[in-house]
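Hi,

Here is the model I promised to pass on.

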Amino acid sequence: MLGTETKPRKYKVGDRVRVARAPTGHVVEQFLDRFAAGRPVERADDVCEVVRLRPADDLGYQYHVRPLHGGPERLVHEEQLDAAG
């Protein structure tokens, strides 16, 4: 992405983050989200760790993240991530 390389990254390897889920607009998802609103903002099983930095593409910086409690790595863009406390 033009100009992205001059902007500093928000995250580095080892940082703990949460991945924002893109809403699909599906009626079942909206129904379940109403119940999820009452749960704590952050649960241990929602937190991921940045395991690899990837080059920027047209949408910005990319990262490989892995859930702390196991599971496959995911490739996500920086705007999909929030810092986990």
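This is a predicted model: local features need pLDDT of at least 70, side-chain atom pairs count only at pLDDT 80 or more; totals for chains, interfaces and linings use all residues.

**A buried tyrosine and its surroundings**

Tyr-11 is buried, with a relative accessible area of 11% (buried means under 20%, exposed over 50%, partly exposed in between, with a 1.4 Å probe and protein chains only). Residues are numbered from 1 along each chain as its sequence is written, and side-chain values use heavy atoms, with hydrogens and water left out.

So which residue does Tyr-11 form an aromatic pair with? A search of the whole structure finds one aromatic pair (rings of Phe, Tyr and Trp, the last by its six-membered ring, with centres within 6.5 Å; planes under 30 degrees apart are stacked, over 60 edge-to-face, the rest tilted). The partner of Tyr-11 is Tyr-63, edge-to-face, at 5.8 Å centre to centre and 75° between the planes. The pair links distant parts of the chain, 52 residues apart: Tyr-11 is in the segment before strand 1 and Tyr-63 is in strand 3 (strands are DSSP runs of E, at least two residues, and helices are runs of H or I, at least four, numbered from the N terminus). Tyr-63 is buried too, at 0% relative accessible area. Arg-9 lies over the face of Tyr-63, 5.1 Å from the ring centre (the rule is NZ of Lys or CZ of Arg within 6 Å of the centre and within 35 degrees of the ring normal).

Five strands form an open, antiparallel sheet in the order 4-3-2-1-5 (strands pair if DSSP finds at least two bridges between them). Strand 4 (74-77) and strand 5 (81-83) are at the edges with a single partner strand each, so one side of each has no neighbour in the sheet.

Strand 2 (residues 47-57) is joined to strand 1 (residues 16-19) by three bridges, running antiparallel. Here Val-17 stands opposite Cys-48, and Arg-18 has Val-47 as its bridge partner. With strand 3 (residues 60-67), strand 2 pairs over seven bridges, again antiparallel, and the two form a hairpin with two residues between them. Across that pairing, Arg-52 stands opposite His-64.

Cheers
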